[in-house]
Amino acid sequence: MSDYILYTDELNHFGVLGMKWGVRRYQNMDGTLNSAGRKRYRALSAKRVATAEKRLAVENKKTALTARYNTVGHAKQEARTAKLTAKRNALEPKVSKLQRRMLKGKEPGFFGKRTLNKAYKLDKAIAKSSRAKTKYDAQMSKLDVKATKLEKRIAKYNRQINKLD
């Protein structure tokens, strides 16, 4: 009887069929590109530029549409904020009078409490309107950053193509 165990679950890999050891397809021995390599990388870079330019065109369309939408929304928010601020300023003398009375220790009556509540709600609405304007500005800056990144990427790819020539 034999003391040897035969294992058959081995993985053997002898390379790709037709592969030659030490032969480079796209580079010379010093690492520079040969003519096939320049042709290949020029085609890849041109493809990348085309893709990036398409994406930039889409981003520019998005930016234009968002800008138009945000301009309308921004104008509406400005008008709403102005209207709310005018209402709040009209209430200011009554509110300050009530606050002075409260500092003296006098409790406001029903109408006084209602006036203070109305002023509080107007302050919250003005703050909300301001946040909405800030949101529109943030959307626009985010789209501008995206477009700038794409433009930088296109410039990088164009530099790569020029370097290959």
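This is a predicted model: local features need pLDDT of at least 70, side-chain atom pairs count only at pLDDT 80 or more; totals for chains, interfaces and linings use all residues.
Q: Which distance separates the C-alpha atoms of serine 96 and leucine 116?
A: Their C-alpha atoms are 9.6 Å apart, and the two residues are 20 positions from each other along the chain.

Q: Why is threonine 81 called buried?
A: Threonine 81 also belongs to a helix, namely H1. Its relative accessibility comes to 10%, and buried means under 20%.

Q: What makes the link between the side chains of threonine 81 and serine 129 a polar contact?
A: The separation is 2.4 Å, and a polar contact asks for N or O atoms within 3.5 Å, one able to donate a hydrogen and the other to accept it. The pair is therefore counted as a polar contact.

Q: Which residues is threonine 81 in contact with, leaving aside its neighbours within four places in sequence?
A: Those are Ile126, Ser129 and Lys133. Contact here stands for heavy atoms within 4.5 Å.

Q: Which residues make up the largest nonpolar core, and what makes them a core?
A: The eight residues are Val49, Ala52, Leu56, Ala147, Leu150, Ile154, Tyr157 and Ile161. H2 supplies the largest share, with five residues. As a general background, nonpolar side chains tend to be buried together in soluble globular proteins.

Q: Which residues does isoleucine 161 touch, leaving aside its neighbours within four places in sequence?
A: Isoleucine 161 is in contact with Arg42, Ser45, Ala46 and Val49. There is also a second, separate core of seven residues, among them Leu84, Ala119, Leu122 and Ala125.

Q: How do you know what the secondary structure of the protein chain comes to?
A: The count gives two helices and zero strands, with helices taken as DSSP runs of at least four residues.

Q: How many of the contacts with a separation of 6 or more are between residues 24 or more positions apart?
A: In the protein chain, 74% of them are. Of its 165 residues, 22% are buried.

Definitions and conventions
Residues are numbered from 1 along each chain as its sequence is written. Side-chain values use heavy atoms; hydrogens and water are left out. Buried means under 20% relative accessible area, exposed over 50%, partly exposed in between (1.4 Å probe, protein chains only). A nonpolar core is a set of buried Ala, Val, Leu, Ile, Met, Phe, Trp, Tyr and Cys residues joined through side-chain atoms within 4.5 Å.
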